[in-house]
Amino acid sequence: MDIKQLDQEYIAKTYARNDIVIASGNGAILQDINGKEYIDFGSGIAVNCFGVADSKWIDAVTNQAMQLAHISNLYYTLPQVHLAKLLCEKSGMKRVFFGNSGAEANECAIKVARKYGKKRNVIVTLEGSFHGRTLATLAATGQEIFHQQYQPLPKGFKHVKPNNIEAIQNALDEGVCAVMLEMVQGEGGVNVLNEAYVKKVRSLCDEHNILLLVDEVQTGIGRTGQFFAYEHFGILPDVVTSAKGLGGGLPISACLLGEKVKNIFTVSDHGSTFGGNPICASGAISIVERMDNDLYQAVKAKSDFIFSALAGQKGVVDVTGLGLMIGIETQISAKEVLQRCIEKGLLVLTAKDKVRLLPPLNISMKELEKGMSILIDVLGGAK
Ligand SMILES: *Cc1c(COP(=O)(O)O)cnc(C)c1O
């Protein structure tokens, strides 16, 4: 039976799928079941940071699968502590709680803020933000359209306009225990926060003795040309959440606890059956180990190439982003751009009404150039 038909019959209808069946891939090249090739500018939404079928990741995951796939958090396991140490060394955070998804990492950050805040329990987030699909992370998400059908949502979230210092100052009343930010809003349209704003929010959090939680689920793990995007802004958060690229293709997330909250949890305060699973953690180690200055420089060079390739091109209204996380405001609708790119063998994403690019961090210049020339043709109106 036809795959598309089976999907429509048996899968919950939550996804507007593109009309192709991806079967395999290598690096930044994907192949559908008919053997047609595509250049990948989406990385499974910033997950496949070293592309598909990356050999170091395959070795790490398969070797671990042969030794121990799972044992639960009732026992110590080697990959989990090794990964936690690496993450702390690279981020300046002090301890790690492992989960399975970005939403779960953010749930953990919300719990940290609530426990830290005691009677203060409100978390301030930004309009246009995206923090996940669970009820609490939906409530944290500053986009009304996601809220409508799922009332009542958990209480204790307030949304303010991004890059507006006065708005956040006014929001920080007695009830607030934390502020949660994405340094670059991903789903919200690849909107980069101002450095001055981020620094001001950091100092406001210190003055009010509240926590700064930074959601690095999409921006983290080299995506913006630093290990975490907050490094571009010269701040250190109190809590950082990571997922997507962390596992290099397997589901793992981390809630990193800074100095102020490193001892916030005690036994049985929180937990997760699969959190820090040995296979996922081994895959993640093989990714995080390769995060270094050479990689960040390469990401920046590829980013510069994309920005200059798009500058002044026909059909391009505006380009935003940081590193290999790029949003393009286009004359033709983003949906149509995406569709025409598929026909020409290039996969891109959208975010709100923009075209969004999240290519693998190690995409070759040749593949990048080829993908950009397809995109530029399409943006200019080519059918
Ligand atoms: C994708 C995303 C999430 C949710 O991650 P899931 O793994 O889908 O739960 C949360 N925050 C940000 C910034 C994201 O981009």
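Analyst: A polar contact is a pair of N or O atoms within 3.5 Å; within protein, one atom must be able to donate a hydrogen and the other to accept it, and residues adjacent in sequence count only if both atoms are side-chain atoms. The model is predicted, so local features need pLDDT of at least 70 and side-chain atom pairs count only at pLDDT 80 or more, while totals for chains, interfaces and linings use all residues. Residues are numbered from 1 along each chain as its sequence is written, and side-chain values use heavy atoms, with hydrogens and water left out.

Between Gly-102 and the ligand, a backbone N or O atom lies 2.8 Å from a ligand oxygen. Gln-218 places a polar side-chain atom 2.8 Å from an oxygen atom of the ligand. For Asp-215, an N or O atom of the side chain is 2.8 Å from a ligand nitrogen. Taken alone, the ligand exposes 390 Å², of which the protein buries 82% (Shrake-Rupley method, 1.4 Å probe; for residues, only the protein chains shown count as cover).

Besides Gly-102, Asp-215 and Gln-218, its members include Ser-101, Ala-103, Asn-106, Phe-130, His-131, Glu-182 and Lys-244. Helix H5 (residues 102-117) gives the largest share, three residues; helices (H or I, at least four residues) and strands (E, at least two) are DSSP runs, numbered from the N terminus. By class, the shell has three nonpolar, six polar and three charged residues. Here Ala, Val, Leu, Ile, Met, Phe, Trp, Tyr, Cys and Pro count as nonpolar, Asp, Glu, Lys and Arg as charged, and the others, Gly among them, as polar.

The other local features follow. Lys-118 lies in the loop between H5 and S5, and its phi is near 55°, a positive value in a residue other than glycine. Lys-118 is exposed, with a relative accessible area of 70% (buried means under 20%, exposed over 50%, partly exposed in between, with a 1.4 Å probe and protein chains only). Thr-125 belongs to strand S5 (residues 122-126) and is buried at 1% relative accessible area. The side chain of Thr-125 makes a polar contact of 2.7 Å with the side chain of His-159.

Ile-45, in helix H2 (residues 43-46), also has a positive phi, about 60°, although it is not a glycine. Ile-45 is partly exposed, at 35% relative accessibility. The peptide bond from Gln-151 to Pro-152 is cis, with omega near -5°.

How values were computed
A residue is near a molecule or strand if one of its heavy atoms lies within 4 Å of it.
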